[in-house]
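Here is a friendly tour of one protein chain, meant to be read with the model open beside the text. Please take a look at it, and then we can walk through some of its details together.

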Amino acid sequence: MSEASAPDSQPLLRLRGVKAYYGNIIALKGVDLDITEGEIVALIGANGAGKSTLMMTICGDPRAREGRILFADRDITDLPTHEIAALRIAQSPEGRRIFPRMTVLENLQMGATVAGLTHFSQDLERVFALFPRLRQRLPQRGGTLSGGEQQMLAIARALMARPRLLLLDEPSLGLAPVLVKQIFRAIHELNRVEKLTVFLVEQNAFHALTLAHRGYVLVNGLITLTGTGRDLLRHPSVQAAYLEGGAR
């Protein structure tokens with residue numbers, strides 16, 4: 001799996017000077033970030049850097065207190081979360097957050113509510129092609145799935161919304177290496193075949209930057225470095241902070 005050439009067009013998502021707070025604590029300190037349609041962009045950083053906060057702020061919770069967020073040239077900074085989702089921005093959040101008492105099928109139906117059920121059967125086959133195990137687990141409750149299966153379900157649920165932008169928060173967290181490879185292979189195929197735009201927050205910097213067209217490094221709520229995935233993999237500060245001794 002190799003890095004592709006990044007698309008060349010106007011940004012689909014733009015963040016300018018975005019600041020976000022938890023109470024009086026500033027979590028994002030003025031973030032500028034661009035994601036072009038058809039590319040994979042990775043955001044890496046240490047625990048507590050603000051990665052998940054940045055992804056949640058795009059979805060409106062927490063709300064950006066300063067700065068602007070634009071999606072397809074529309075200002076979405078102050079939109080409610082459900083209206084942001086209706087614009088076809090779908091998220092697979094950190095910790096999966098599937099509905100544990102619902103079956104796999106019911107979880108997927110919940111994901112499809114944004115896009116409607118017109119293409120439901122077709123979309124089911126699409127996610128089964130990526131994650132065949134979900135077909136076998138269709139009548140099973142989400143809470144009884146393994147960790148890897150729950151992560152597959154969380155991504156599949158987001159895909160059922162037919163997103164224009166897919167937000168993935170720590171998709172490899174807590175998974176065995178073989179499942180990590182399967183998840184990242186699925187992301188690569190979605191982008192390669194469907195040209196799906198993906199924003200990936202990930203602690204496994206090697207996997208993320210190998211997959212991504214471009215990447216950003218977030219340190220204490222600030223973007224400190226940006227470049228192609230390949231260039232960041234070679235950058236001395238990235239190697240020292242995120243790659244030395246890391247799993248590959």
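Predicted model: local features only at pLDDT ≥ 70, side-chain atom pairs only at ≥ 80, totals over all residues.

With the cut-off in hand, take Gln151, which is part of helix 6. Its relative accessible area is 2%, so Gln151 counts as buried.

Which residues does Gln151 touch, once its neighbours within four places in sequence are set aside? The contacts are Ser92, Arg96, Glu170, Pro171, Leu175 and Ile183.

Glu170 sits in the loop that links strand 7 (165-169) with helix 7 (177-194). Its phi is positive, about 55°, although Glu170 is not a glycine. Is Glu170 buried or exposed? With a relative accessible area of 5%, Glu170 is buried.

Asp73 also has a positive phi, near 65°, in a residue other than glycine. This residue belongs to the loop between strand 4 and strand 5. Here the relative accessible area is 58%, so Asp73 is exposed.

How many of the 8 residues of helix 1 are buried? The count is 7, so helix 1 is largely enclosed by the rest of the structure. The buried ones are Lys51, Thr53, Leu54, Met55, Met56, Thr57 and Ile58.

Just past the end of helix 1 comes Gly60, with a positive phi of about 95°. Then there is a cis peptide bond, running from Asp61 to Pro62, with omega near 10°. Pro62 itself lies in the loop between helix 1 (51-58) and strand 4 (66-71).

## Strand 3 and its two partners

Which strands pair with strand 3? Strand 8 (residues 197-201) runs parallel to it, joined by 4 bridges, and strand 9 (residues 214-219) also pairs with it in the parallel sense, over 4 bridges. On the strand 8 side, Ile40 has Val198 as its bridge partner. In strand 9, the residue opposite Ala42 is Gly215.

## The largest pocket

The largest pocket holds about 510 Å³ of space. Its lining is made up of 20 residues, and those nearest the centre are Ala85, Ile89, Ala90, Gln91 and Val114.

Which element gives the most to this lining? Helix 2 does, with 4 residues. At least two lining residues come from each of helix 2, strand 6 (89-92), helix 3 (104-112) and helix 6 (147-159).

Leu79 is located in the loop between strand 5 (74-75) and helix 2 (81-86). Its relative accessible area is 12%, so Leu79 is buried. Apart from neighbours within four places in sequence, Leu79 is in contact with Arg63, Arg74, Ile84 and Leu87. Glu170 is 91 residues away from Leu79 along the chain, and their C-alpha atoms are separated by 25 Å.

Gln239 is a residue of helix 10 (residues 236-243). At a relative accessible area of 30%, Gln239 is partly exposed. Not counting residues up to four places away in sequence, Gln239 touches Leu233, Arg234 and Glu244. Between the C-alpha atoms of Gln239 and Ala129 the separation is 35 Å, for two residues 110 places apart along the chain.

## Aromatic rings

How many aromatic pairs are there, if the ring centres must lie within 6.5 Å? The count comes to 0. A ring does take part in another kind of arrangement, though: the charged end of Arg65 sits over the ring of Tyr21, 4.0 Å from its centre.

Technical notes:
Residues numbered from 1 in each chain as written. Heavy atoms only, no water. Buried < 20%, exposed > 50% of the residue type's maximum accessible area, 1.4 Å probe, protein only. Contact = heavy atoms within 4.5 Å. Phe/Tyr/Trp six-rings, centres within 6.5 Å; stacked < 30°, edge-to-face > 60°. Lys NZ or Arg CZ within 6 Å of the ring centre and 35° of its normal. Pairing = 2+ DSSP bridges. 1 Å grid on protein atoms, 1.4 Å probe; cavity = no way out; pocket = protein on both sides within 12 Å on 5 of 7 lines; lining within 4 Å. Points joined across faces, edges and corners; volume = space filled by probe spheres on them.
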